[in-house]
Structure formats: structure tokens, C-alpha cells
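These are my notebook entries on one structure.

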Amino acid sequence: MKKLFLATLLMGSVTLSAQTSTSKITIHADQGKNVINKEIYGQFAEHLGTCIYGGIWVGENSPIPNTKGYRNDVLNALKQLHIPVLRWPGGCFADEYHWMDGIGPKEKRAKIVNNNWGGVVEDNSFGTNEFFNLCELLETEPYLSGNVGSGSVEEMAKWVEYITSAGDSPMARLRRQNGREKPWKLKYLGVGNESWGCGGNMTPEYYSDLYRRYSTYCREYDGNKLFKIGSGASDYDYKWTETLMKNVGDRMQGVSLHYYTVKGWDGSKGSATKFNKDEYLWTMHKCLEIEDVVKKHIAIMDKYDPKNKVGLMVDEWGTWWDQEPGSTSALYQQNSMRDAFVAALSLNIFNKYTERVKMTNIAQVVNVLQAMILTDGPKMVLTPTYHVFEMYKGHMGATNLPIDIQCDSLVSNNKKFAAVSVSASKDAKGLIRVTLANVDPDKEQKIEIDLGNAKIAKVSGTILTAKTVDAYNTFENPNVVAPAVFKDAKVSKKGLSITVPAKAIVSLELL
Ligand code: AHR
């Protein structure tokens, strides 16, 4: 008896069987207005732990198979995701990064200390040329985070010149000396990162003035158009957004927002893989709270920018757990089915606010926080979060469809939240894509989807689930959480009838 009670407490040990709930979803397939910005599916790569070194970059002489220094396994996996935009070099690292340390012959590059992330030696072998060449290989838009905290206006201005100037300018000449004739294109430029914290501990008023100076001298060379992004708020800091919008709202094309699904900043953040049901439900609720946070920042932006010219860029989000025991790589954490839910719920929310949310960047792409990919020397494994991004990628550039939903609630700390999360879009070919998450760890959901007048002839789908919500992939067992064909969807008179198992994420394509 005691044994059984204990088993119900541990998420890993129980599979409560066949309890069923019913839900109803209405998709207004003829009322889509806003295109889902593809940049919502963006990624972030910082000089932190083994994200860059070891995770992406191994150098040309490495025994790990690589293309010009970028490891092939990671490159190929990332290509599958069609990453629309990649943020670099930080994060906190960005405000201590001096780009000139990372150009020219590798043996002459400065060796510095990465003060933000464990005091490790940074040899600068991955710098501007390596980043922009990576973006070309991945066919992704670069998003550069400039140094406002400890760098000069001149330094940032010259970086933009080095990257984008086609003419006979000093920095263009330097770029040519370093082997790159043609300029790259640079659209997204972050003017500082977390300037309220690791980026300089500034007040929003002081940062606004600095934003004016730094952004003034970032010039648009030879037809290159910059999209300048102000260093925005963390979580619930609405005053920061208000001050920036009031003072420099007419000078920014975007303002950022960081929101982590994290217990707090002091003490333990909890294990990535060992958690109980209460902790699981808490995570779902905390993740969903981002909707309210986004709405409140948008309300402030609407006040100062009623024409919706400035984008909200959620350029850091995701789960943050304790570093994996035994790992020496900073912020390296495992990634379970619980993390997959955080990705699925967040992306469903971002799709909904695409009118204002112009970009998001999950933190981070390899080996750091809620990563797509984990590596260890030559080994590589795809995480459950990777699979969510792959299942959702068809939303990019499609038109978001409005939705009504009636479903059960779950409860965490006396706060209710929906057991089912959903998003739908229609692409240029008329294909409707529906992404659904049944967060309930115990109950399957029988869902009727009403599609109004939209006629469906065929449905196909993919499901991501696992025996328990704390299941995860390892190098030895890489397919514990892996996508499979979803068969429980039937075309009905009004649309679709589907049965989604407990703790499952489903993506459907309707034609
Ligand atoms: O993503 C890890 C860190 O979190 C980033 O460097 C910083 O911007 C944020 O605090």
C-alpha cells in the first residue's frame, strides 16, 4: 500500500490509465488576418558553456566530421529546422565582447576570459566571419547583439561597417584582408542586452539616452537596411518597456523581452529530470503566464505606437533548470517531455500574438538551457524540444487562424489553467496546420474540431509523447521521446474528431 502511494508521487513511476476528457475547438479558418512571422521560430547561440565551442564549432582539424570547422551532425540537424534567425554572440557575453578580438588570423586572435560564464578562456577562434559564414550555411538571418555595456559607440559603428560596407571604407578593407570580399547582409541589430542587469545595470532613462547615441552611428551601408532592437525588459518589468517606448519608441524597430520558465534567480532552480507532479504542473502554469506578460507589454506598446511599427522581440525564453550534475559545461541541462510542452505552449502563444511579436529566440540552440541538441565530444542527441520545433515549423509564414476552445482545467497552487493548448494556421497552398498539446499527465482528450465551412478531405499527423513527462533522450537511448505517426484523427461532418493521449503533443496537416 505504502509502495503504491509512493509510486503515485513520482512522475516517472505511474501511468494512470484511460481517463478521458472531452474538449471542443473551433477554428475560424476563413478569418485569418496575420501572417505568423517566421522569425518567431528563431534561435540563440551564445559564447557560453559548449554552445559554440564543441557544440557548433570544432575547428577544421577536429577528428569530429566537420565542414570548415562546423560539426556536420549539428549542421545537418539544424538545417532540418529551417532556422529563420540566429542571435549571437550573447546574452551577457555580448556586452563584454570586443569584435576585433575575433577577426583575422586565428593564431593572432586575443585570448580573453569569459567573465560571465565560468571564467573560461575564450580564444576567439569563432568570431564575426565564422558566425556570418554559419548563417550562410544554415540559410538563416543573422541577429547581432552589440556591446553597449563595455564597448564604445565607435566599436559598434565599425562592426556594422565591417559586416555591411561594400565600398572602399576602412572596415570593408579590413574585411577583405580577412578573406571576405563581399559584404554580408545584416538586418537585426540588438543595441545591448539586458542593459538593466549584466549589460550595464542601467536605469531605463539612462539606457534610452545611450540607445540614441549607439543607434545613431550604426549606418546603413550600400542598401543594407538595419532593424534596430532596443534592449528590453525582463518578465514583469513594465516600467522598462514604458520608459523605452516613451523615450525612443520612434527610433527602435523592435524592443526585446526576456522571459524564462524558472523558479527564481537565487538558489536551486530544480532538476531537469527529477520532478514530481506538482512541480510539473507549476512549470506548465509558469510557462503559460508568458501570455499575460506579453499582453501587458503589448498594451504599453499600443499606447505609444498605435500603428504597430515597433516589434516585440522575445529574444530569450525557455526553461532554466540546475546545471546537469557532473557536467562542467555552464548551463548544460537535460531536456524532457516537460520541456517539449514548454516549447509547444510558448510557440502556440507566440503565433497568436504575431501581429506584435515579430521574433522570438529560444535559449539556446546547442548544449545550453532549453537546447535543441546536446553533444558530448563526437556524440550528439536531439532533444524533445527539437522535435517540437520540427513539428511546428510549417506555421512559419502561414496565416494565423483565430480559435475558440473549451476544455478541462488543471490546477497549480490554486491557479487554474487550460489542459489543452492549440494553434492553427493556413498556408499559401490552403493547407491548415493545427498544433495541439494535451498537458494533462493522466487524461486523454477526445477533441471535436469544428472547421466551419472549410472542407477537409485528408488529414495526416505527427505525435510526440512518452511514457512519463520526465522521459528524455540520451546518447545511448536517443529515441525515448521521438515523433511518430498520429493515427487518431477522423474527418467528421463539421471538421475533425481526434483523440490525443495524455501528455502528448500533436501536429496535424489538413488538406
Ligand atoms: O541565456 C543565458 C543568459 O540569460 C543570457 O546570457 C542573458 O541574457 C540571460 O540572463
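Are F131 and F132 buried or exposed? I found that F131 is buried and that F132 is buried as well; buried means under 20% relative accessible area and exposed over 50%, with partly exposed in between (1.4 Å probe, protein chains only).

I note that this is a predicted model, in which local features need pLDDT of at least 70 and side-chain atom pairs count only at pLDDT 80 or more, while totals for chains, interfaces and linings use all residues. Residues are numbered from 1 along each chain as its sequence is written, and side-chain values use heavy atoms, with hydrogens and water left out.

Entry on aromatic pairs. I counted 25 aromatic pairs, where rings of Phe, Tyr and Trp (its six-membered ring) pair if their centres lie within 6.5 Å; planes under 30 degrees apart count as stacked, over 60 as edge-to-face and the rest as tilted. F131 and F132 form an edge-to-face pair, with 5.3 Å centre to centre and 80 degrees between the planes. Y280 and F341 also form an edge-to-face pair, at 6.3 Å and 70 degrees.

Entry on the ligand. Of the 13 residues around the ligand, I list E46, C92, E194, Y260 and E316 as those that come nearest (a residue is near if one of its heavy atoms lies within 4 Å). I then looked up polar contacts, which are pairs of N or O atoms within 3.5 Å. A polar backbone atom of C92 is 2.8 Å from an oxygen atom of the ligand. For E194, a polar side-chain atom lies 2.8 Å from a ligand oxygen. For E316, the distance from a side-chain N or O atom to a ligand oxygen is 2.7 Å.

Notes
A polar contact is a pair of N or O atoms within 3.5 Å; within protein, one must be able to donate a hydrogen and the other to accept it, and residues adjacent in sequence count only if both atoms are side-chain atoms.
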